[in-house]
Amino acid sequence: MERQWKRIRYAFFYAKVFIVLLLPFETIMAQETHNFFQDSIHLTVEHRKYNRTEHINNQRITDEFIEAFSKSIPRILAYTTFSIHWQHQAVLSNNELRTHIKGIHIRGYKTYRKFPVERFLIPNKIKCDYEFKYGNQTLLYSDTVNLKENPANNQPLADSIKLKKLNFLSFDYQLIYNKDQKDKFLEITRAIDQYYRDYPRLKAALEKVGKITIGNLNMLPIYSANLKEAENILENMQEKRYLSLLNLEKNDPLGFLPRFKNLQRGIAFKRQKIDNQMKNRDRLYYQEGLNYLENDTSVARSYFEKSVQTNPFFSPAYLELAKLDLSQGKLDNSAQHIEYILQELKPDTQTYRKIMGFNDELVQAFIDSARMLMDEEDFNQAVTVMERAEKFCQNTPQYECPGSVQKHLSNARYGIYNAYISVARKALEREKPELALNYIKLVNKYQQDNSQSIIPTNTIKELYTKVAELFVEQAQQMIDSKKYKKALAHLNEASELCKSDDCRSMIQSNLSRAHQGIYKQHLKNADEAFQQNNFNKAEELVHQADAYLQDHKDYLQSSFYRDSLKEEIDYKVYREDLKKGYAYLTTDQTGDALQKFMSAKNILSHYNYEKNDTIDSLIRVSAKPVILSKISKGKLKIWGERFSQAREILKETRDDTQKYLLTQDQEVADSLQNFAAKLQSKYCQQVKDTIKNYKQKASLHLSKANYLLARENYKKVIQKASNHKQCSIDVNPIQEKLSKNQHLFRYTEMQQELDSLYQEKDHKALTRKIQNMILFFEENNLSREGIQKTTPLSFVRKHKDTELKRYIAHWYLDQGKDYKALETLKTFDQKHTNPTKVKELQKKIGEAVAQQDVSKNISGDYKTHVEELAPGSWYKYFKRSYKSTYRKKAGIFPYFF
């Protein structure tokens with residue numbers, strides 16, 4: 001084919017060369033007829049469809065690269081070819097170009113992959129292009145010839161062209177196809193390609209549908225999926241439209257159409273069968289499970305499970321699963337199945353009767369299992385089993401549970417109860433009261449939790465008594481071995497258990513012994529520390545003994561040993577404090593010296609030791625530098641304006657002066673007086689600066705008409721001065737300003753109250769408040785203060801509340817202030833308020849204003865006047881009402897014009 005195509009191209013090329021070289025190049029004379037082109041043309045046309053494979057871009061030349069490159073060469077999937085032959089003549093005559101095409105003949109291979117496509121491949125026109133040379137110009141002429149009509153086309157040349165100067169250069173042509181036919185050809189070829197591509201899919205789907213056998217329950221979901229896949233393939237083929245485009249009834253090379261229809265029939269038939277089986281899968285699985293019950297219970301179970309998976313409401317399958325679980329000892333699972341049937345499902349009468357009979361078997365199985373467990377003394381598990389049986393009876397109210405369930409449940413619980421008691425007794429035998437007590441508490445709680453099954457006895461009370469006696473006995477042994485704290489723990493446990501007077505008396509006696517032992521141990525430790533000259537530790541241990549004595553005074557009392565030991569310790573501490581105080585004083589550590597001297601004086605106040613007459617003077621000598629140092633720190637606080645800390649230091653130094661006997665010391669007195677004066681002066685100056693700041697703020701707010709803020713700052717001035725009377729601040733001018741501007745403050749408060757009423761939507765109270773404000777404004781002549789009077793109209797102008805505007809307008813009408821009502825109407829937002837929503841209001845205002853105008857005998861045209869009152873279409877209802885009312889009241893007839 002390629003060789004043939006090359007030969008055709010070479011022949012066409014030589015034909016062009018022949019025409020160009022052999023035609024005369026001399027000038028064609030005007031008014032002459034000249035045949036400048038004549039030929040018989042034969043052309044072969046091919047239509048090919050290719051499939052291209054992208055080749056791999058590889059840097060190295062390898063076998064894989066060569067193979068990929070060979071795949072990239074266009075591979076012909078299918079093609080069709082035909083030839084066109086015609087005789088072509090072109091003549092120049094009388095300044096016209098005349099074209100003649102005749103002898104048209106078309107032949108060739110006119111099918112595409114065994115399908116006829118001839119009528120879509122033949123061109124219907126030829127476009128001819130001629131090239132001439134005229135002087136230095138190149139002239140191009142074109143005409144289009146219809147192949148089906150064999151026409152002779154005439155095309156006039158320009159008058160300015162002289163044939164004698166016109167030379168022919170070349171000729172070319174172009175086939176023109178009908179676009180609709182060409183698109184149809186492409187659609188047909190696509191349909192043919194899809195026909196061949198879909199044929200293997202059709203065969204595979206037909207084969208897969210043919211393998212579907214009806215009655216295999218396990219394969220039903222797979223078969224249903226296979227059918228769905230075949231249905232999708234069938235639907236996809238129908239959407240491609242080649243079944244209608246290719247007219248397969250007449251030409252079907254592959255036998256596609258009969259297979260397609262067979263697939264349709266097969267899918268429809270098997271879909272119906274499988275759908276019916278899918279709808280009844282629960283019963284089919286159930287029946288299959290019954291068939292396997294005698295031979296293979298595991299397979300039967302799988303079918304019953306599939307049945308309930310398919311239909312969760314199919315109760316017979318649940319019943320069979322319950323029977324299988326019972327036969328395998330899975331009592332809880334069996335009970336769950338029955339509970340689910342009776343609680344969630346609505347079983348048929350036959351299944352319900354079977355369930356009621358099965359329940360007796362299940363409950364008996366629970367009882368038998370519990371008996372075996374109790375024989376093995378596994379009472380906990382036996383209780384669990386019988387509690388499950390009891391729960392099963394409660395969850396199936398239609399079923400009357402046998403009384404033996406409660407009996408065996410009580411027996412199992414008694415088993416646990418007796419086991420606890422047995423362990424408690426063994427713990428007592430081994431003298432382990434804590435372990436025994438834990439089990440007795442368990443026994444007591446278990447009996448209380450199961451009081452309906454276990455009748456209380458004196459056993460628990462007896463056990464508690466024995467435990468208490470054992471605790472007391474062991475506590476006595478611990479006291480004897482000086483383990484007082486452990487003894488107290490045992491005695492405290494016993495005191496909670498003892499009920500008899502003898503037992504309590506014995507416990508009290510041993511408690512006294514234990515506490516006395518601990519108390520003496522504290523004193524003994526203090527004595528040991530004293531003997532080691534560690535007087536501070538000895539004193540601390542005595543304090544601990546005193547605290548213990550105070551905490552347990554019901555069992556203890558102070559002893560002579562404690563008093564004598566304490567006196568010896570205090571004397572040693574007293575002498576030690578004096579010694580250390582002297583040492584600190586000589587090294588200018590006056591604070592530490594003062595602490596020691598005061599400690600010594602405190603000890604001296606409790607005993608009749610030999611008194612040291614110089615101790616008070618030593619305290620004064622040590623305290624004076626300390627007090628003066630504190631005063632210096634206080635002055636620094638004043639300088640840093642930390643007045644509260646300075647006042648605390650002042651109070652502390654005054655107290656220290658009394659405490660350390662320095663009231664007669666002139667230097668200390670002068671320092672304190674100077675310190676107090678500076679504190680007072682500095683603090684009052686700060687108060688005055690604060691008051692000055694409040695005054696400035698008040699004046700500024702007053703100048704800006706922020707009257708309430710001004711009043712607030714004036715009140716702060718008065719309050720500040722009242723809290724610091726020692727600073728002697730005159731507030732009379734402030735009082736006068738408050739009194740003078742009282743009316744301004746009150747009017748501002750009324751404005752705030754008005755805003756509050758607006759927020760509460762209390763329009764009636766709001767209008768009353770505005771009336772009161774008007775009276776207050778006029779009585780106090782507030783206009784001279786530059787304050788603008790608040791009226792209902794001025795208030796609504798500041799707000800966008802439509803309901804408030806409507807209420808005020810009606811209020812003005814009720815007051816007879818019709819023009820004010822009109823002004824209120826003008827405050828409405830006309831862009832966002834439909835006039836129909838205020839239609840009735842406009843009509844009332846129009847009527848009222850018209851009546852007022854008639855009574856005032858307003859001259860001029862009333863129509864012009866109403867336009868001046870309310871210009872614009874938004875007031876149309878007002879204008880209509882005004883005009884109608886005006887005509888009626890003024891006697892203008894007819895009223896409706």
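Residues are called buried when their relative accessible area is under 20%, exposed when it is over 50%, and partly exposed in between. The structure shown in these views is a predicted model.

**View A. A salt bridge joins E387 and R413.** By this division R413, at 10% relative accessibility, counts as buried, whereas E387, at 34%, counts as partly exposed. The side chains of E387 and R413 meet with an N to O distance of 3.2 Å. Because E387 belongs to helix α13 (residues 379-395) and R413 to helix α14 (residues 404-429), the pair ties together parts that are 26 residues apart in sequence.

**View B. R301 and D325 form a salt bridge.**

**View C. R806 and E803 pair within helix α30.** Their side chains meet in a salt bridge of 3.9 Å, taken from N to O, and the two residues stand three residues apart, about one turn of the helix, which spans residues 802-814. R806 counts as partly exposed at 22% relative accessibility, and E803 counts as partly exposed at 47%.

**View D. K839, K843, K876 and R880 form a positive surface patch.** Helices α32 (839-855) and α34 (876-890) each supply at least two residues of the patch. K839, which lies in helix α32, counts as partly exposed at 34% relative accessibility.

Notes: Residues are numbered from 1 along each chain as its sequence is written. This is a predicted model: local features need pLDDT of at least 70, side-chain atom pairs count only at pLDDT 80 or more; totals for chains, interfaces and linings use all residues. Side-chain values use heavy atoms; hydrogens and water are left out. Patches are made of residues with over 30% relative accessible area and no salt bridge: like charges are joined within 9 Å, nonpolar side chains (Val, Leu, Ile, Met, Phe, Trp, Tyr) within 5 Å. Accessible areas come from the Shrake-Rupley method with a 1.4 Å probe; for residues, only the protein chains shown count as cover. A salt bridge is a side-chain nitrogen of Lys or Arg within 4 Å of a carboxyl oxygen of Asp or Glu. Lys and Arg count as positive and Asp and Glu as negative; His and the chain ends are not counted. The place of a charge is taken as NZ of Lys, CZ of Arg, CG of Asp or CD of Glu. Helices (H or I, at least four residues) and strands (E, at least two) are DSSP runs, numbered from the N terminus. Buried means under 20% relative accessible area, exposed over 50%, partly exposed in between (1.4 Å probe, protein chains only).
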